[in-house]
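Take a moment to look over the model below.

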Amino acid sequence: MTDALDTLLARVRERVTPDADERARLDAATARLDERVAAAIDECPVAADTLHVGSTARGTWLPGDRDIDLFVRFPPDLPRAELERHGLAIGHAVLPDGHEEYAEHPYVTGEFEGFAVDLVPCYRVESATAIRSAVDRTPFHTRYLAARLDDALATDVRVTKRFLSAIGVYGSDLRTRGFSGYLTELLVLEHGGFRELVTAAADWQPPVRFDPEGHGTRRFDDPLVVIDPTDPERNVAAVLSVTNLARFQHHARRLLADPDDDRFAPRTSTVLSPADVRRELDRRETTPVAVRFDAPSLVDDQLYPQLEKSLAGVRTALDDHGFDVLRSRAFADRMGVLLYELAVAERPAIERHVGPPVSAREHAERFYETYATADCDGPFVDGDRYVVERERDYRTADDLLADGFDGIALGTDIERAIDDGYSVLVGDDVPALADEFGVDLADYFSPSP
C-alpha cells in the first residue's frame, strides 16, 4: 500500500532530480574542463592527473546546484610548496578569471560556462590513511560511494539534502555545523533510503555510532559517530553539533507524523527593522546588551569558532557577575556582534560573600583577618560560617564590559579586534543593529526547532 509519506516522497524525488538538459550541460562543461586541465598538466614539469569529485561526480547534486569540483593529483613525494605552486599555476591556466581561496592549502575557484568550479591540488596517495593533507581523502570518498550508490539511493540522497536544507542543518562549514554531503550520502547508504533514515533517526538515542566497514579503531565523544569507510580513525560527523542533530530528529518525527510538502520547502528569510527589534524587546522585557567591533578579515571556518568561543567567554563573565544571561548569539558581517539578553538589568550596590565554616580554624581565621579591616559589612557569623557584604565591582553589564576583557576567554583574532576598539550597546541602542543584521535578528527572535 502507498501511504501519505510515500506519495509525498514520490513528488519530492521528481523535483530533486536534474532533468536531461541540466545533466547534459554539466557533462559538457566537465568534459571541456577536463580538456583544459589536461592541456595545463602537459605544461607542468611534474606528473599529475585530474579527478572529478563531489556530488556532481556521484550523481547526488540537486537541480540548480552549479558546482564542479576537480582535483589535480600530484606524486606524494612532492614538497608541499611545490604542490601549491604547480596546483595554482594549473588552476589559473584553466580558470584565468578565477581567484585563490584557502582551505588546508590554496586552490583556485572561478566560473566556467555558468558553473562554479573549484580546482584543488592534492596528493595521489595509495589509501586514505596515508593522506598528507585533508583533501587527499576526497578521491577515496568518491570511489567508495560510486561503487555503492545506485540511481535509487542517489535520488534519496538528493531528497535528504533537500530536507536537511529546508530545516537549516545542511552544511559542514563551521558556521552551520550541520550534515556534510558525504555524511548525508553515508547515512542514506547505511539505512537504505531516505524513509528508512528518518524512521531510524526519530528513535536515535545519542550517542549513535555507525561503522559501515566495521574497521573503526578510535572512540569518539560526538553525539553521532560515522566511521569513515576509507579511514578507520575518522568520524565523518565530527563537525555536526548536538543542536543540529536534535533538530534533525525533531523534524524527522514531524515529517513521519504529518507528511507535508512544506517540510521540504526552502526557508524564507524575514528581515527585522530597528522598530521591529524594539517591539520584540519591549514584549520580552529583558535587558539586551551587545559588544560591537570590526569583524576580523577571516574565512567563516576561522571566524565562527572564534566568535563562539568569545560569545561563551563573555557569557560566563556576565553570569558570574549575576546578570543571568537568558540567550546569546554572535553575528558577523562588516561588523562583529556578541549579543546577550539579560534577566537582570542592575545588581544591588553590595554583594554577599560567604566564607568558610568557623570550625575550619585555619581557613576561617585567614578569612576573618582578610576582611576585618576591609571596607565592608562584617565579617559576621551567619549559621556556621563567616559572611561579609562588600561593595559590588559592577552593578550593570555595561559597566562590566566597558571595563575591558581582561580574564575573559576570547578568540585570538576577536581579542585583537576588540583591542583595536569596540562599543557596548545597551537597551534602546541595540535595535540599531537591525540595519546590518535584520535577518539574523529575525532568526534570533523567532527561533524554530
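Which residues does Ser310 touch, not counting residues up to four places away in sequence? Ser310 touches Leu338, Tyr340, Ala409, Leu410, Gly411 and Ile414. Contact here means heavy atoms within 4.5 Å. Ser310 sits in helix α11, which covers residues 300–320. With a relative accessible area of 0%, Ser310 is buried. Buried means under 20% relative accessible area, exposed means over 50%, and partly exposed is in between (1.4 Å probe, protein chains only).

A word on the ground rules. This is a predicted model, where local features need pLDDT of at least 70, side-chain atom pairs count only at pLDDT 80 or more, and totals for chains, interfaces and linings use all residues. Residues are numbered from 1 along each chain as its sequence is written, and side-chain values use heavy atoms, with hydrogens and water left out.

Now step back to the whole protein. It has 15 helices and 14 strands. These are DSSP runs numbered from the N terminus: helices are H or I with at least four residues, strands are E with at least two. The C-alpha atoms fill a box of roughly 85 × 60 × 50 Å, taken along the principal axes. Of the 449 residues, 46% are buried. Take the contacts with a separation of 6 or more: 65% of them join residues 24 or more positions apart. The accessible surface comes to about 22,200 Å², and carbon and sulfur atoms hold 45% of that. Such areas come from the Shrake-Rupley method with a 1.4 Å probe.

Next, charge. The protein has 51 positive and 85 negative side chains. Lys and Arg count as positive, Asp and Glu as negative; His and the chain ends are not counted. The centres of the two sets lie 4 Å apart. On the surface there is a patch of negative charge, with Asp294, Asp375, Glu391, Asp398 and Asp420 among its residues. Patch residues have over 30% relative accessible area and no salt bridge, and like charges are joined within 9 Å. Helices α13 (397–402) and α14 (412–419) each supply at least two residues of the patch. Asp398 is in helix α13. Asp398 counts as partly exposed because its relative accessible area is 30%.

Now follow the backbone. Most residues other than glycine have a negative phi, and most peptide bonds are trans. Glu113 has a positive phi of about 50° although it is not a glycine. Its place is the loop between β4 (106–112) and β5 (115–123). Arg177 has a positive phi too, of about 55°. Arg177 lies in the loop between α6 (151–166) and α7 (181–191). Two prolines follow cis bonds. The bond from Pro206 to Pro207 is cis, with omega near 5°. Pro207 lies in the loop between α8 (194–201) and β6 (208–210). Another cis bond joins Gly378 and Pro379, with omega about 5°. Pro379 is in strand β12, residues 376–382.

Finish at Leu240. Is Leu240 buried or exposed? Its relative accessibility is 3%, so Leu240 counts as buried. Leu240 lies in the loop between β7 (224–226) and α9 (242–257). Beyond its neighbours within four places, Leu240 is in contact with residues including Arg177, Phe179 and Leu245.

Methods
Patch = residues over 30% accessible without salt bridge, like charges linked within 9 Å, V, L, I, M, F, W, Y side chains within 5 Å. Salt bridge = Lys/Arg side-chain N within 4 Å of Asp/Glu carboxyl O. Charge placed at Lys NZ, Arg CZ, Asp CG, Glu CD.
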